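Hello,

Here is the structure I promised to pass on to you. Please have a look at it first, and then read on for what turned up.

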Amino acid sequence: MHSAGIQNAAQVPATQTVDRNATEAIIRAEKIEKYYAQPSQNRIQVFSATDLSIVPGEIVALLGPSGSGKSTMLRMLSGLSRPSAGQVYWHGKPISEAEINVSIVFQSFALFPWLTVLENVEAPLQARGVNPEERRARSMRMLDTVGLDGFESAYPKELSGGMKQRVGFARALVVEPEVLFMDEPFSALDVLTAENLRSELLELWAKKTMPTRCVFIVTHNIEEAVLLADRIIVLGRNPGHIRTDFRVQIPQPRDRKAEAFTQLVDFIYKVLTRPDVAPAEAPTGPRVRDQRQMKYQMLPHARPGGIAGLLELLIDKNGRDDIYRLADDLAFEIDDLLPIVDAAQLLGFLKVEEGDASITELGATYANSEILRQKEIFRDAAIENVLLLRQIRRALDAKSNHTVPEEFFLDMLDEQFSDDESQRQIETAVTWGRYGEIFDFDASRRRFVLPDVLQEESAGSSE
Ligand code: ADP
Ligand code: MG
């Protein structure tokens with residue numbers, strides 16, 4: 001599981017790389033950057049120079065880890081904030097000089113608490129100088145469309161989160177925006193409400209009930225992106241930049257359980273969790289090696305103690321949490337946490353779905369066991385799931401002196417990994433093998449040995 005797939009073009013389904021210079025763009029960003037001045041002479045680069053076009057007829061999802069600049073990008077494209085360099089064009093005109101027609105839906109709903117539902121929806125029309133009668137009529141129609149008829153005179157505080165976001169949608173749509181921007185609009189809602197609102201949004205979009213020509217949605221939820229989007233843009237961070245941009249060609253309505261769906265989710269997950277691997281190669285690159293021909297999984301360089309720590313934290317969080325949040329809680333860089341997550345996944349202790357890590361039954365048993373039992377569970381899981389460990393153990397069992405030189409395995413690993421990486425693979429294998437008492441390593445003679453052999457030898461020499 002660890003590295004299989006990401007470089008395998010054939011497995012990436014139903015996508016096609018997007019030509020970001022498409023003509024007839026509604027919004028076109030040219031080399032836009034964002035940085036913030038610092039008291040010192042340094043500045044914080046939040047977004048590096050980026051080109052991006054928004055064309056009619058599509059739902060675009062912008063995905064990325066927190067802090068990758070999703071909201072910053074949305075604000076620049078929607079005219080809410082100016083890029084520090086570069087230019088955003090609205091139908092070919094610099095956006096600051098153009099008469100733009102966009103709305104934004106926020107995660108926090110951002111309703112006026114002192115206005116009723118109806119008044120909230122009317123507010124943007126009032127700001128645009130629409131007369132009171134038309135304002136009212138259009139707002140009532142829109143409230144009807146989003147399923148809020150009967151709630152016109154309620155105040156936001158009387159509404160559930162889902163209802164508040166319906167008001168948010170009504171207020172955004174009532175001005176008939178050409179582009180509807182949404183910044184994590186479903187993130188504050190419970191799962192069912194979110195799912196409900198997503199399908200209603202898709203229905204509105206499909207029926208063309210709204211004159212909106214493009215929806216641009218920021219999300220950190222991979223499944224949400226695959227469910228909704230015609231096109232997915234994945235951002236990386238430090239500074240923010242586009243890592244990949246492709247079309248999703250799975251027909252609507254989409255089935256979360258369909259193979260094309262889960263494969264695409266998996267692909268994006270891998271893009272997100274491997275900031276060091278160029279994903280641009282993934283959808284199209286024919287020259288990359290097919291990972292299925294690779295014999296050894298790449299062992300993530302994680303220590304058993306780290307794996308146990310992560311599992312214990314997950315148990316505290318009722319068994320499931322967002323990986324990026326876990327990293328935040330641990331004050332880990334995501335790049336430091338991911339090998340641990342990968343290792344736990346490789347061993348069958350946790351599963352990763354749409355960016356959430358959830359502990360498996362085996363993982364929970366492992367985390368809740370006492371130390372000796374933990375070692376046994378770890379050993380069984382490692383031998384079952386990790387080819388290199390299995391091979392080392394088998395070779396040791398097979399040989400009459402129960403020792404095998406390190407070089408024997410280095411030679412095999414070298415065919416697949418660089419020299420340095422082969423050495424690191426061995427080091428990690430040794431750490432895991434020792435912890436699980438699968439084998440021991442005699443560092444002075446650079447050879448693997450069965451645990452009791454080394455003990456017997458040292459016992460023998462001390463006598
Ligand atoms: P996302 O929406 O992907 O989580 P944001 O666009 O909110 O990311 O932020 C991207 C980065 O920009 C973050 O590292 C954030 O700390 C930084 N940032 C945002 N606003 C400011 C600001 N006013 N001054 C300095 N840094 C900022
Ligand atoms: Mg954000």
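Let me start with a right-handed β-α-β unit, which is made by β8, helix α5 (residues 191-206) and β9. Right-handed here means that, with the strands pointing away from the viewer, the path from the first strand over the helix to the second runs clockwise. Helices (H or I, at least four residues) and strands (E, at least two) are DSSP runs, numbered from the N terminus.

A word on the source: this is a predicted model, in which local features need pLDDT of at least 70 and side-chain atom pairs count only at pLDDT 80 or more, while totals for chains, interfaces and linings use all residues. Residues are numbered from 1 along each chain as its sequence is written, chains are lettered from A and ligands numbered from 1 in the order in which they are written, and side-chain values use heavy atoms, with hydrogens and water left out.

**Around β9**

Strand β9 (residues 214-219) has six of its six residues buried, so it is largely enclosed by the rest of the structure. Buried means under 20% relative accessible area, exposed over 50%, and partly exposed in between (1.4 Å probe, protein chains only). C214, F216 and V218 point one way from β9, while V215, I217 and T219 point the other way.

β9 pairs in the parallel sense with strand β4 (residues 58-63) over six bridges, and L63 has T219 in β9 as its bridge partner. Two strands count as paired if DSSP finds at least two bridges between them.

**The open sheet**

There is also an open sheet of four strands with antiparallel pairing, in the order β3-β2-β5-β6. β3 (43-54) and β6 (93-94) stand at its edges with a single partner strand each, so one side of each is left without a neighbour in the sheet. Inside that order, β2 (residues 27-37) and β5 (residues 85-90) pair over five bridges, and E30 stands opposite Q87 in β5.

**Ligand 1**

Which residues are around ligand 1? They are Y36, V46, P65, S66, G67, S68, G69, K70, S71 and T72, where a residue counts if one of its heavy atoms lies within 4 Å of the ligand. By class, that shell has three nonpolar, six polar and one charged residues. Helix α1 (residues 70-77) gives the largest share, three residues.

- 3.0 Å to a polar backbone atom of G69
- 2.9 Å to an N or O atom in the side chain of S71
- 2.5 Å to an N or O atom in the side chain of T72

The protein covers 57% of the 570 Å² of accessible area that ligand 1 has on its own (Shrake-Rupley method, 1.4 Å probe).

**One more residue**

L311 lies in helix α9 (residues 304-316) and is buried, with a relative accessible area of 0%. The C-alpha atoms of L311 and F349 are separated by 7.9 Å, although the two residues are 38 apart along the chain.

Best wishes

Note on methods
Polar contact = N/O pair within 3.5 Å; in protein donor to acceptor, adjacent residues only side chain to side chain. Nonpolar A, V, L, I, M, F, W, Y, C, P; charged D, E, K, R; others polar.
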